[in-house]
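Please look at the sequence and the structure shown below before reading on. The report then takes up two topics in turn.

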Number of protein chains: 2
Amino acid sequence: MNLIARIADERGLLRPKPIGPREFLPFNVILEGDCIEEMAKLPDKSVDMIFADPPYNLQLGGDLFRPEGGRVDAVDDDWDKFDSLTTYDAFTRAWLAEARRILKDDGTIWVIGSYHNIYRVGSLLQDADFWILNDIVWRKTNPMPNFRGTRFTNAHETLLWCAKNEGARYTFNYRAMKGLNDDLQMRSDWLMPICAGQERVKGANGAKAHPTQKPEALLYRILLACTKPGQVVLDPFFGTGTTGAVARRLGRRWIGIEREPAYVKVARERIAATLPLDESAMQTMADKREAPRVAFGVLVESGLVPPGTALTDAKRRWTATVRADGSIACATHAGSIHKVGAALQNAPSCNGWTFWHVAGGKLQVLDELRQQHLSALT
Amino acid sequence: MNLIARIADERGLLRPKPIGPREFLPFNVILEGDCIEEMAKLPDKSVDMIFADPPYNLQLGGDLFRPEGGRVDAVDDDWDKFDSLTTYDAFTRAWLAEARRILKDDGTIWVIGSYHNIYRVGSLLQDADFWILNDIVWRKTNPMPNFRGTRFTNAHETLLWCAKNEGARYTFNYRAMKGLNDDLQMRSDWLMPICAGQERVKGANGAKAHPTQKPEALLYRILLACTKPGQVVLDPFFGTGTTGAVARRLGRRWIGIEREPAYVKVARERIAATLPLDESAMQTMADKREAPRVAFGVLVESGLVPPGTALTDAKRRWTATVRADGSIACATHAGSIHKVGAALQNAPSCNGWTFWHVAGGKLQVLDELRQQHLSALT
DNA sequence: GTACCATATGAATCACAAT
DNA sequence: AATTGTGATTCATATGGTA
């Protein structure tokens with residue numbers, strides 16, 4: 001059993017005994033040590049926000065290989081291993097209890113997770129009387145695919161944003177969020193790329209320094225939404241220090257807690273390096289305008305082009321029938337509107353939207369229906 | 001105190017006593033009554049999928065799950081909230097236990113909820129040994145704005161998709177989902193409008209018949225993804241019968257359970273007016289996994305790929321020769337098309353059907369010859 | 001300099017039937 | 001029950017090399 005799990009296990013629901021005087025709140029520092037022990041040294045009701053990216057308890061099995069043969073570099077670190085859900089719950093309860101004690105009454109807490117752990121965390125947050133204000137979905141523009149075709153692409157992670165109690169006051173910079181979103185209310189689903197390229201912190205060997213580094217854009221939006229300049233943000237699972245880096249950039253104070261010396265070193269150097277406002281990172285802040293891409297299947301699903309509909313081309317040379325999954329079929333071919341169109345014309349490619357028409361007295365090109373669908377959305 | 005709350009309260013964690021003989025599984029019917037009582041009458045391991053849209057425990061001053069009924073004054077608020085969550089958990093545990101008993105071992109369950117209840121539900125699903133396959137985010141194109149500007153627009157709901165146990169087999173129509181999404185893997189975030197307009201079932205007074213009617217497009221995607229035609233879907237919180245209507249349209253059988261006579265009446269009329277798709281329209285892209293297997297040796301035997309044929313990969317990096325028994329051999333390896341392909345690439349595995357091509361001017365992939373062989377059989 | 005192509009990789013609970 | 005063989009399976013980006 002790893003250290004965190006053992007500590008949580010031994011303590012169970014009990015609040016740890018005070019270790020230090022808890023008189024002073026340090027800031028802009030990394031506290032090197034176990035997150036629960038280090039939190040125990042901090043004063044009551046002293047921080048304005050907590051951002052926590054705890055272990056997800058992924059429970060992965062054996063190796064996973066990509067179709068082309070490569071092996072997926074999975075998160076197999078000891079810090080993500082727990083004996084059971086019960087152990088994970090005990091650990092979560094323990095660090096949440098400390099977090100709650102340290103948080104000001106008008107502060108908020110953010111926790112990020114995936115389906116592996118977020119339902120445990122959400123339940124325990126509610127049990128501890130935190131009041132969920134929103135759950136936020138981070139939609140990844142570039143998630144790892146499901147290589148074996150066994151499930152839906154796991155393309156998002158979830159963040160929970162909670163006040164300390166029902167009815168508690170809290171900071172929400174509504175205007176700033178609206179500004180970030182073209183003067184529309186910021187929604188609970190955020191589209192952002194995963195952390196890669198230059199932003200991803202690398203070790204000496206060129207390999208990623210941390211397996212689960214979060215994008216700065218994510219922390220940028222969170223800190224901008226829920227803190228004022230000068231306020232103090234605590235991150236009990238500091239890792240490579242994304243929270244600290246963004247807090248510094250935005251003029252917030254920060255406290256990081258991290259157990260692994262290697263991560264601490266990397267984070268210190270990262271934050272110390274003056275971070276100029278990176279233009280490329282900023283671009284991801286502003287919501288990319290959703291590409292108005294529509295899958296033909298969505299028109300089928302929504303009933304605009306029901307399964308069984310007969311399609312034909314402008315000159316009525318070929319016909320095909322729409323099937324339940326949005327594929328179409330004629331006597332000789334089946335597949336997408338584009339593939340079947342290409343195959344029939346013996347062409348390398350084909351734009352099915354302009355090629356196919358709903359058959360009937362007057363032909364209606366699919367592209368027109370796509371426009372209808374799009375305008376209904378807005 | 002309402003019926004559901006009373007039943008959950010009285011029974012706690014206990015499985016309800018059998019009420020009926022549980023011999024027959026009815027289908028294409030609405031069972032009018034409490035969901036737990038009605039589920040208790042259904043046989044063990046009898047349904048292929050469960051879709052559940054349970055009450056959300058909105059805590060908007062409602063007394064839905066308050067055991068003692070009467071109005072609670074402000075002093076008791078904390079206790080009331082705790083009590084409400086506990087009671088909601090007991091209710092959830094009770095209906096999940098029945099759902100689990102009824103579900104086939106290779107069946108799956110879907111549950112939809114919002115942040116008010118989904119973390120309770122997700123935790124309890126895991127506690128009951130259900131195995132989360134994905135959490136799905138329904139992104140609403142037209143959510144209700146946050147009028148007071150105090151939070152992010154709550155623009156999504158969450159669905160949990162679970163197998164009965166870790167490692168259990170389950171149905172996932174991968175190709176059909178890919179077809180619905182323009183030949184890209186279907187992701188875990190789904191964009192759909194809320195149910196409105198013509199689709200929204202209205203009462204005699206023109207008002208919406210049900211406060212939380214789900215869009216048919218949502219059920220369409222779920223049923224298409226996780227069931228085969230003819231399989232049985234149970235919806236223990238049937239409401240206006242969206243699950244039944246879509247199941248009928250897609251040629252799936254269904255069982256609805258609904259307590260409110262008004263909803264039952266509306267659902268019956270709605271489903272009766274829904275027409276099933278005809279056989280051909282219901283077709284979807286077939287999963288290759290379900291195609292009959294062909295041994296490569298059979299193609300050799302039949303003369304389609306005679307012994308001595310030279311094979312090569314798409315980039316002509318390696319060559320091999322077909323032998324009389326359907327094995328192939330190169331300078332360094334001999335064995336099945338798969339084994340030799342894997343060995344040459346130094347990969348853990350290889351699909352010989354798509355790796356090897358008949359050498360010559362224009363390469364022809366073996367998979368194409370396999371298709372020829374298969375279609376010649378029919 | 002540019003266009004094109006090949007390669008690498010990201011919090012992943014990733015097969016199944018026959019023997 | 002454990003082993004073995006067949007064979008199904010990937011999207012968006014970033015980076016680096018070649019033409």
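What follows describes a pair of helices and then the surroundings of a DNA strand.

## About the model

This is a predicted model, in which local features need pLDDT of at least 70 and side-chain atom pairs count only at pLDDT 80 or more, while totals for chains, interfaces and linings use all residues. Residues are numbered from 1 along each chain as its sequence is written, chains are lettered from A and ligands numbered from 1 in the order in which they are written, and side-chain values use heavy atoms, with hydrogens and water left out.

## Two packed helices

Helix α3 (residues 85-102) and helix α4 (residues 118-127), both of chain A, pack with their axes 10 Å apart and at an angle of about 45 degrees. The axes are lines fitted to C-alpha atoms over the stretch in contact, and angles run from 0 to 180 degrees between N-to-C directions. α3(A) and α4(A) are therefore oblique to each other, a word kept for angles that are not under 35 degrees (roughly parallel), over 145 (roughly antiparallel) or 65 to 115 (roughly perpendicular).

The contact (heavy atoms within 4.5 Å) involves residues including Leu85(A) and Tyr88(A) of α3(A), and Val121(A) and Leu124(A) of α4(A).

## Around DNA strand C

Among the 41 residues around DNA strand C, those that come nearest are Gln59(A), Arg66(A), Tyr115(A), Arg148(A) and Lys208(A).

Some atoms of the protein lie by the bases: a backbone N or O atom of Pro54(A) is 3.0 Å from a base nitrogen of DNA strand C, and one of Asn142(A) is 3.2 Å from a base nitrogen.

Terms used: Helices (H or I, at least four residues) and strands (E, at least two) are DSSP runs, numbered from the N terminus. A residue is near a molecule or strand if one of its heavy atoms lies within 4 Å of it. A polar contact is a pair of N or O atoms within 3.5 Å; within protein, one must be able to donate a hydrogen and the other to accept it, and residues adjacent in sequence count only if both atoms are side-chain atoms.
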